[in-house]
Each structure stands twice: as C-alpha cells, then as structure tokens.
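Please open the structure in your viewer and keep the sequence beside it. The tour below names what to select at each stop and then says what is there.

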Amino acid sequence: MREGIPVDWQDVVSRFTMDAATEFLFGKDVRSLDAPLPYPSTYAAPTPFSGAGTEAPSVSGAGASVHPADRFVRAFLSALEATARRGRFLQSWPLFEFWGDKVKQHLTAVDEFIDPIVEDALREKSEKVSASVEEDNKRKEQVRDDETLLQHLVKFTDDHKVIKDETLNILLAGRDTTSCTLTFAVYALAEHPEVLKRLRAEVLSVVGPSQRPTYDNVREMKYMRAFTNEVLRLWPPVPLNSRCSIRPMTWKSMIAGEPDIYIPPRTRCLYSVLLMHRRKDLWGPDALMFDPDRFLDERVQKYLVPNPFIFLPFNAGPRICLGQQFAYNEISFMLTRLLQRFSGITLRQDAHPAAAPPPGVERSPYAVDGCERVWMRSHLTTYAKNGLWVEMEEANHE
Ligand code: HEM
C-alpha cells in the first residue's frame, strides 16, 4: 500500500480469520497470512504473483499456491462451495454428482492437515491416564484459559470422526461469517469517513494509539458495538436461512387486507434475513441508510425493543449462534488494531474491473445509501464478488 498499490481487504481478513480459528480450534495456526497477497488484476506485477482476483473470497492469489498452508485453506473453501451447490438441488443433488462426489475430491487435503493433529491430541490424552473416575470427571470440568476446542473435546470422546467433524463445523461457522463482517465493515468505513473518524476517536480514547484492546475495552466501546451491528444489519453474513414446520399452522400476514398464510407440516420455509434487515416498515424510513446511531438513539426503543426479532444476524431461539461473543470480540479487536494504524480508507474497486456491481445491482431499490459499490454475493455466507480493493492512509502518531 505504501507503493500506492491497492490491496484486496477481503482476502486479507479471510486469511486472518482462518489463522485465528485454526489456532483457537486446533492450537495450530495455519499461517495463511504468510502467503503472498494477490496483486490487482490491473497492475503489472513484477513477479509471477499477478493475481486475477477470485470469484469467492480466497487466500489464493496465483502466487499463494506455493505456500504449504494454502493447500488446506483452498481445499476447505472448494469443499464448502461444492457443499453449498448441493443445497440448490435439495434431495436430488446425488443425481448431479452421478459421475463423482464433488466434495470428497477436496477432502484429502483437509484430512492431511487435520488427521495428524487429532491423532496427536488423542495420543497425548492416552498418556495422561487418570487414577480414578473422580479425577477424570474433575479434569473434564476444568477448562484452562489456553485450552483449545480440540483439547477439550478429547476429554469426552476418543472418536476421531466426531472430533474432526465438530472442529471443522466450528471452523465453518466461525470463520467466513467473521471475515464477511470485517470485509463490509471496511467498505462502510471507506464510504463514510465521518463514521471512521468517530470510531477511531473512540478507539484512541478507550484503548490508546498502540495498546492491545482488553475485554473491558471492547465492552466500553459503545460506538464500536453500534457500528458492528449496523454492518451486520445491512450485510448479514448469513443472508438466507430456513426452518422446517413440525405442525400445520397459519401465519398472520403483516400486510393489511392480505389473507393469512397456511403452512403445511414438514414444510421447508426459507426466509431472507438480508431483505428483512432492509425493510422500511420494520426499521423506519431511513432503513436503507448506513447509520450506526440507530442502535444508540431513540430508534432502539421505537423499532428494536418492541420487536427484537427484526434483527437476526445470529438468529434467535434455541439454535442461536454460540460464537456471538467470540465474533464481537474478534471483530472489535481487528477494527481497533486497524484504526490504531490507519486513519483513512479509500475504496479502489477499479483495481479489479469486475468487482463493482452492474448498474441494475448498483441502483437496486434495496441498495444501501442509494448505491451499492460492492457486488454482494453468497454461497453459504455473504462475500464481495471479486474482492474488496482498498487503499489505506497510515496514521501519524507524532
Ligand atoms: C459475525 C459472525 C457470526 C455470525 C453472523 C454468525 C451467525 C450464525 C447464525 C445465523 C447461526 C444460526 C444458524 C441456524 O439458523 O441454525 C449460527 C450458528 C452457530 N454459530 Fe455463528 N456466527 C458468527 C460467528 C461465529 C463464531 C465466531 C463461532 C465459533 C467460534 C460460531 C459458532 C456457531 C455455532 C457452533 C452455531 C450452531 C449453533 C447451533 O446450531 O446450536 N459462530 N451462527
């Protein structure tokens, strides 16, 4: 960036969340941030690394393929995309994979990474045989501060597959969602310099110019929380969700004069969190404007308190996201560190000619602030098609 070359921020944060998640889950950071960053497609790079930018967020500039960490990360992403494609065909997906399983082909690289880690954890456990059942139960109850999810799980089961599935499940749940929020947070900061200034002022006054944020700092930064919620409202990382009815029922229509809706039993009901979060009848006439203050001023009492289910980035009820606090902490930590170092962000979607949305999308009736400058897409989670290219101005701390 010092040389004036824009960077794909989406690529950077998806590496960051992968490294953070693998450290937390397995105690082994895959260090995907060590691999070279892709260059903008419009820039003639001096090395073979001239990245073309990618359709889905990825750690893969062309040059990144040489890095060993990248094998696992790429395979995981490809398996995720192939799994998401199955969702479109519902029960008939096996017909579309008659000649070969499109997920399995990517799993070898995933297994090569994770199997030895699980084996090591199980071996370590077998070496610490407990003297009695009581001692064993005590060990299960105690959770060390630095304990990884893997170390915790092996206390309860020796089943290699269960441990692998549980850890990969959390990697899937926690990584892309957080990376999406950080991507669109930086987009919002680039589009709203006055918000950036206010958020940065809060960071500098609560945390300081170079200190590490503590949990108390994160709790204290009220504008940070409101800002993050506004990003989650307008660009929810899980844009679509579904539930299946158990019993037959009728739903009251919210539109006056419209008949009630009958839902038969065992019916899959899809709903769009993205569209719900942008509805003027639920959020007020300024629903499409980016404004973190709506989570701080009288609009909270007016819209959110009487109807909390209008804000569902983490869903609600018995299957609410288990990592919500983890996510708020990780997002606040990263944004704090970013704003300590940088005082300005400029959007440079011209760095990838296909990153800006076509006119129909750009000016759709649901566009934020009347104009979307990033092309939003989703497989399971939301991402910016062809990346989020930005330039950042370094902060001057003299
Ligand atoms: C901004 C970040 C995040 C968002 C927007 C998000 C969103 C969601 C949503 C919408 C669900 C419900 C899915 C459903 O309808 O069943 C969910 C479930 C879940 N999330 Fe998150 N998530 C985030 C971060 C995380 C993190 C960091 C972790 C773990 C460290 C995590 C772990 C989970 C788990 C385990 C579930 C399944 C809960 C269950 O089914 O009982 N999430 N998340």
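Helices and strands are named here from DSSP runs numbered from the N terminus, where a helix is a run of H or I of at least four residues and a strand is a run of E of at least two. The model is a predicted one, in which local features need pLDDT of at least 70 and side-chain atom pairs count only at pLDDT 80 or more, while totals for chains, interfaces and linings use all residues. Residues are numbered from 1 along each chain as its sequence is written, and side-chain values use heavy atoms, with hydrogens and water left out.

**First stop: Arg-278**

Select Arg-278, which sits in the loop between α11 (273-277) and α12 (280-283). Is Arg-278 buried or exposed? Arg-278 counts as buried because its relative accessibility is 4%, where buried means under 20% relative accessible area, exposed means over 50%, and partly exposed lies in between (1.4 Å probe, protein chains only). If you then show the surroundings, you will find that Arg-278 touches, leaving aside residues up to four places away in sequence, a set of residues including Leu-234, Trp-235, Glu-372 and Met-376; contact means heavy atoms within 4.5 Å. Tyr-366 is also one of the residues touched, and its backbone oxygen lies 2.7 Å from a polar atom of the Arg-278 side chain. Such a polar contact is a pair of N or O atoms within 3.5 Å; within protein, one must be able to donate a hydrogen and the other to accept it, and residues adjacent in sequence count only if both atoms are side-chain atoms.

**Second stop: the ligand**

Now select the ligand and the 21 residues around it, of which Asn-241, Arg-243, Asn-315, Arg-319 and Cys-321 come nearest; a residue is near a molecule or strand if one of its heavy atoms lies within 4 Å of it. Oxygen atoms of the ligand lie 2.7 Å from a polar side-chain atom of Asn-241, 3.0 Å from one of Arg-243, and 2.7 Å from a side-chain N or O atom of Asn-315. Two or more residues of the shell come from each of α7 (160-191), β2 (240-244) and α14 (324-341), and α7 gives the largest share, with six residues.

Which residue is the only protein donor of the iron atom of the ligand? Cys-321 is that donor, through its SG atom at 2.3 Å, where donors are N, O and S atoms within 2.8 Å of the metal (3.2 Å for Na, K and Ca), and sites may look incomplete because water is not among the atoms.

Helix α13 holds Lys-302, which counts as exposed because its relative accessibility is 57%. The C-alpha atom of Lys-302 is 8.9 Å from that of Trp-283, 19 residues away along the chain.

Pro-237 and Thr-382 are 145 residues apart in sequence, and their C-alpha atoms are 4.9 Å apart in space.

**Last stop: helix α1**

Finish with α1 (residues 9-26), where 15 of the 18 residues are buried. At its start, a side-chain oxygen of Asp-8 reaches to within 3.1 Å of the backbone nitrogen of Gln-10, and after the helix comes Gly-27, with a positive phi near 75°.
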